[in-house]
Amino acid sequence: MKIAETDRLILREFESKHAESLYDLLEDKEVMRFSTGTLSKEATDRWLESQIENYSKLGFGLWAVIKKEDAKFIGYCGLVDFPSIEGKREIELAYRFLRQFWNFGYATEAAIAVRGYAFETLRINRLVSLIDPNNIASINVANKTGMTYEKDVMLKDYDYPDRMYSMIKD
C-alpha cells in the first residue's frame, strides 16, 4: 500500500519482496555506523516481519522508499513507536538510506512526506528523532524537517546518550 508520494519518491509498506534490498542496507557497516550494528539476514528477516506486523497493529511503521524514475528501493523512512522514553510514549520519525543515495536530498524529502502523513492522516501531534550526536547528516535532516534539539536521552542498548529532536504539529 502506498503511504505517500513526492516529486521523486514513493513511500509504501514493506513486502517480503523487499528483503534482498534490505539486506544490502542493514548489512552495510557505514550505513549502520550510528546504530547498534549491522543485521544478519535472519535478523533482517525478523525486522521486516515486525514492520509488516506494525502496519496492522499500530497503523504505521517504517516504509520502503522507492525512486519513481526507476522503481528502485533506496531506503526506508517512517515512524517507530517507543512505549517509554524517560516514562513517556514517543513516536520517532526515522530514516535510513543506501549509501549511494546519500547527499541527494532523499532523506529530507521522505521525512517531510512522513511528517505530513503523521500529522494529517494519523493525527499524531508530536514527533521526535533520536540521533547519535556524531551523526551530523541525520541531525541536518531533522533540522530541515522542522525539528529542533530538545534534550539528550539514554536509550536501552546504548552506553551514551542520543540527542532527541522534536516537533509539535502547528
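These legends accompany close-up views of a predicted model.

Local features are taken at pLDDT of at least 70, side-chain atom pairs at pLDDT 80 or more, and totals for chains, interfaces and linings from all residues of this predicted model. Residues are numbered from 1 along each chain as its sequence is written, and side-chain values rest on heavy atoms, without hydrogens and water.

**View 1. Confidence along the protein chain.**
The mean pLDDT of the protein chain is 93. Here pLDDT is the predictor's confidence in each residue, from 0 to 100. A value of 70 or more is reached by 99% of the residues. Confidence is lowest in α1, at a mean of 92. It is highest in β2, at 98. Helices (H or I, at least four residues) and strands (E, at least two) are DSSP runs, numbered from the N terminus.

Ala19, Leu22, Tyr23, Leu25 and Leu26 of α1 are buried. Buried means under 20% relative accessible area, exposed over 50%, and partly exposed in between, with a 1.4 Å probe and protein chains only. Seen down the axis of α1, the buried residues fall within an arc of 165°, so they line one face of the helix. The arc is that of the directions from the helix axis to the C-beta atoms. Glu20 and Asp24 are exposed on the other side of α1. The cover over the buried residues includes α2, β4 and β5. Contact here means heavy atoms within 4.5 Å.

**View 2. Glu42 in helix α2.**
Glu42 is found in α2, residues 41-57. Its relative accessibility is 52%, so Glu42 counts as exposed. The C-alpha atoms of Glu42 and Tyr23 are separated by 9.5 Å. Along the chain, Glu42 and Tyr23 are 19 residues apart.

The largest nonpolar core has 51 residues. Such a core is a set of buried Ala, Val, Leu, Ile, Met, Phe, Trp, Tyr and Cys residues joined through side-chain atoms within 4.5 Å. Leu11, Phe14, Leu22, Cys77, Leu79 and Leu127 touch the most other members. Helix α3 gives the largest share of this core, 9 residues. Cys77 touches Leu11, Leu62, Trp63, Val65, Leu93, Ala94, Tyr95, Ala110, Ala111 and Val114, not counting residues up to four places away in sequence. A second, separate core has 6 residues, including Ile85, Val128, Val153 and Leu155. In soluble globular proteins, nonpolar side chains tend to be buried together.

The whole structure holds 7 aromatic pairs. Rings of Phe, Tyr and Trp (its six-membered ring) pair if their centres lie within 6.5 Å; planes under 30 degrees apart count as stacked, over 60 as edge-to-face and the rest as tilted. Phe14 and Phe73 form a tilted pair, 6.1 Å centre to centre with 50° between the planes. This pair links distant parts of the chain, 59 residues apart. Phe14 lies in the loop between β2 (9-12) and α1 (19-26). Phe73 lies in strand β4, residues 72-85. Phe14 is buried at a relative accessible area of 3%. Phe73 is buried at 7% relative accessibility. The rings of Phe104 and Tyr106 form a tilted pair, with centres 5.9 Å apart and planes at 40°. Tyr106 is buried, with a relative accessible area of 8%. Ring pairs also link Phe14, Trp47, Phe73 and Tyr76 into a cluster.

Asn103 is not a glycine, yet has a positive phi of about 70°. Asn103 lies in the loop between β5 (88-97) and α3 (106-121). At 79% relative accessibility, Asn103 is exposed. Arg123 is not a glycine either, and has a positive phi of about 60°. Arg123 sits in the loop between α3 and β6 (126-131). Its relative accessible area is 55%, so Arg123 is exposed.

Thr108 is found in helix α3. With a relative accessible area of 14%, Thr108 is buried. Leaving aside neighbours within four places in sequence, Thr108 is in contact with Val141 and Lys144. Ser138 is in helix α4, residues 136-145. Ser138 is buried at a relative accessible area of 15%. Ser138 touches Tyr95 and Ile131, not counting residues up to four places away in sequence.
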